[in-house]
Amino acid sequence: MKLKSLYIDGFGKFEKRSLEFGDGFNVIYGHNEAGKSTMHSFIKAMLFGLSKRRSFPDGVDEYERFEPWGGGGFGGSLELLSGGNTVRIKRDFKKSPEDIELTVGEDTFYGEEAEKLLRELLSGLTEKAYRNTISIGQLKTQTEKGAHKELSSLIKNISGTGSGELSYDAAIEYLDRKKRAFEEQIDEEAAAGYSRRIGRIRNLERELSDPKYDNRLPEYEEIGEGLKEKLSALSGEKEKLSLRIEKAEGTLSENGFSDLRSIDEYEKEAQSCYDEYRRLEKTAKGLKRIILPLILLIAGLGIAALSGRLLYLACTSEGGFREALAYAFGKAFKAGLCGAALAGLSAVLSVSAAVVFVSGKRKLSGFERAEKRLLEIFDAHIGDTDVSSEALCGLKERLEEFRRLQRASEDCRAELSEINGELLKLHEDRETFKEKLDREELLRREAESKLMELNSLKAEVSELRRVLDTNSALKEKVTAVELAEEKLLELSQKIKSSVGIHLNRTASGLISEITGGAYKSIDSSDDSRIYLSTGRKLVPCDKVSAGTMDQIYLAVRLSAVKLMEGEKEIFPLIFDDSFALYDDDRLKRVLAALGGFSKGEKRQLIAFTCHGREAEFLREAGVSFKLIEL
Amino acid sequence: MRFIHISDVNIGADPDSDKSWGKERAGDFKETLERVVDRAKEIDCDLLLISGNLFCHQPVTSELSEINLLFSRIPATQIVITAGSRDRLRRNSSVRNFKWSNNVHYALSDGHDSIKLPALHTVVYALSLSDKKTDIGSELLKIKEEAKEEKDYVSILVMGEDKRHGSSPAPEEPEESLWDSELTYCALGGKGEHTEPGRMKCAYPGYLSPLGMENPGDHGMLTGDISIASKRILSLEFVKMSRVSYIPIRIEINEGVGNAELMRTVENEIKRRGEENIYKLRITGKRNPETEFDLSPLKKTGRIEDIVDETEPEYDFSKLFEEHTDDIIGFYIGSVMKDSEEEPQRLEKKAMYYAVDALLATERRSER
């Protein structure tokens, strides 16, 4: 490809300006502010359009930057030779979108179609490739050491990434830094802490599911209440019973009874007294007790008197005793006998009377005793009353009541002792219950502390889960970086094995040409050092002279261009004030070398410069060139 | 009769423990409940219904005491509490033997509790969730039958949603099955967001205080009036009680936005929406490949829980591919894009970003 001519309708400071390029070496000369960079920008704008996207550091985009100072049209045209075709690109930047008109031979194309065709005609040359490869900016290397460094990184870059601008090593270093930054943010402890806590939570949950931790306190409360109620009911009962017993026993003892037997005996006594009373009552009450002895006495006395008469008669009959006796044997005897018998009878009667009297007297005192006792009994239990069957009946009823009281009190006592037994058991129960309750409360406290631990662990786990989420996001980033590094390595090796070799070969050819065969080839297989081969020995690149170094640098740059071009096309090389920092000697050498390239390869060279020396030196070196003054 | 209905108070939650405002946030849950209690006093509330998850975990006695003390301050308000899915009744629950103030009724039955409040002419059917597999569907049928019997009473159901038993015995949407029942009001719980106003018979008040970004929007209580005579709801409204809201913000940037501008945008956005709120920033859009957002100072501009940087460097890969057909960038892009017909894997794409980014970041800056 060769640039033929351009016409600026309006672009920055230029207005209606046309320019024609030579086939070979072109030197475009202009002092500062003459518009060299505007001119270069115009060429780029014609080839690739004027992008609004890419802005300058000062924030002004290219469009604004190159709007025509004097108003009027904004755009122009560029004519070039590509693949044997004369191509005319005409652009109008005022239109939006940019208006393009592409004329190839007789045919004219517009818009999208024109852009597409232009890309094809430029053999895929992109703006970036243009910038990085065929347009060569100021060469900053002043020192030899710097030059060597620049050269080796250029070679390394080209053979490692296929581009002089892209550095595999720097990219990997950049990615390593990024990876380390991600890794530093990863909390390695979190995962272990998380699983530790999850384990503890599982254990706690299992422990808590043990039925021993069931909350049975409500049941216990009920049981406790029940026990309390039962206790108070029994105590009440006990008190009531004690009262009843006390009352009954008080009544009984007041009345002189201690047990059923004492009541029975008492009743028996009263009954027997009453019976005695009733038996003796008639004798004691009538004359019976005096009359009988009296009658007996009188009868005895009468009989005694009769017996005495008879005895007298017996003694006084026939005067004498014999007679009397005889008489007696007769009448007297009979009378005497009768008298004697009667006297005996009378004595018997009198004795009987005495006996009867004495016994009567004795009977009277038994009755009185019975009566007295009865009255005593009645008095004690009933009060004033006569001895009567009613009174006895009343007494008996009363005694029956005492008996009932006695029996009831005995029953109560039995019941009381039963209650006492129950109370004892209840107290024992309460003690056991209290122990159980204590145990239960202890378990509750245990359960509560476990629950508290569980709750706080769960909170910690949810916090850790967030950390883990962040961790996994970071880990993914690390993985992505590692993947990027892996892939870059793989690609870089691939490039090295194809581009690297190609570069070496191309550069070697060029070097041999420029150095007039002093150096035959370049060897960049060692990453750290570049060697030049004289055919007989390898010379480290940093040991060659500064001049040779510049030649080699140009050769490598050019090789990169050739790599990009392939077989298809030869692009012009554009030097944009590239040699401003070079001293005269160096510039002379470089220009001579470039002149050689231009001639040998039929490559168009365009050098923008603000110095007059380029033209001077080219002339000196006898290189033909076209000088264009701005 | 004036009532307040809240649910999912989540006492004990500590959602932002790793954040600078975590402590304050952890205290919010009880504080919001305190404000509800104060409000109950102010409006002479007769009935406070808490449908589940008063606590966010099994409460221990000390926690119960603290809350009970709070409730004992409003003796004129009857409080009915049911256990929810987070504080569900277990055999070992401490609440089983806890003595509440006499105006508090905590449902402890395995089935449901019917709490009669004669002074309010109301019977409250309270259904606590327990670890037993209670057949909630049939329990609801029983409640509906009971409510039919209690003609002279306002009947109210209080229950939380059982997420765990979810599909099986519990109806998917309890409100659907309750809509045409005799019940006057169904105080439901367990849902993050509150019911839309207008749906008065069955309502969810939403979480009293949000638990995180998954509960965006306003949070608070439902308050309403029930006519005892007609046994109908006269009014029901949502009142915001939580001071804090979780707000996701998406900020779309373009290539021209740098760190400083992004900061300004975020600051303004936070100022506009309230500095007490908690934000999650999602930054999307294309950023200048040369701009690396440093998001850490952003977190100091307010309560920003998380920042997700979804911005993609403004790399036009197909253009880059065209520009770098002969070098490693082109090869890389080509290999990823051509590897398969499908969209490249996320990880692969990410790796490509990193690789291209690294190469371009370290590219020797040539003149333009």
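Which unit do E12(A), helix H15 and E13(A) make? Select E12(A), helix H15 (residues 584-601) of chain A and E13(A), and you have a right-handed β-α-β unit. Right-handed here means that, with the strands pointing away from you, the path from the first strand over the helix to the second runs clockwise. Helices (H or I, at least four residues) and strands (E, at least two) are DSSP runs, numbered from the N terminus.

Before moving on, keep in mind that this is a predicted model, where local features need pLDDT of at least 70, side-chain atom pairs count only at pLDDT 80 or more, and totals for chains, interfaces and linings use all residues. Residues are numbered from 1 along each chain as its sequence is written, while chains are lettered from A and ligands numbered from 1 in the order in which they are written.

**The sheet in chain A**

Now widen the selection to the open sheet of five strands, ordered E8-E12-E13-E3-E14 in chain A, with parallel pairing. Strands pair if DSSP finds at least two bridges between them. The edges are E8 (135-136) and E14 (625-629), each pairing on one side only.

Start at E8(A): two bridges tie it to E12 (residues 573-576) of chain A, and Ile136(A) sits opposite Phe575(A). Step across to E13(A), which pairs with E12(A) over four bridges; look for Ile574(A) opposite Ile606(A). Then go on to E3 (residues 25-29) of chain A, joined to E13(A) by five bridges, with Phe25(A) facing Leu605(A).

Stay on E13 (residues 605-609) and show side chains. Leu605(A), Ala607(A) and Thr609(A) point one way, Ile606(A) and Phe608(A) the other, and all are buried (20 or more other C-beta atoms within 10 Å of the residue's own; exposed is 12 or fewer, partly exposed in between; C-beta atoms are placed from the backbone). Since five of its five residues are buried, E13(A) is largely enclosed by the rest of the structure.

**A stop at Tyr194(A)**

Jump to helix H7 (residues 188-209) of chain A and pick Tyr194(A). With 18 C-beta neighbours inside 10 Å, Tyr194(A) counts as partly exposed. Leaving aside neighbours within four places in sequence, Tyr194(A) is in contact (C-beta atoms, placed from the backbone, within 7 Å) with Val461(A), Leu464(A) and Leu468(A).

**Over to chain B**

Colour chain B by secondary structure: eight helices and 15 strands. Next, select where the chains touch: 38 residues from chain B and 47 from chain A. On the chain B side, H8(B) gives the largest share, eight residues.

Conventions. Contact = placed C-beta atoms within 7 Å.
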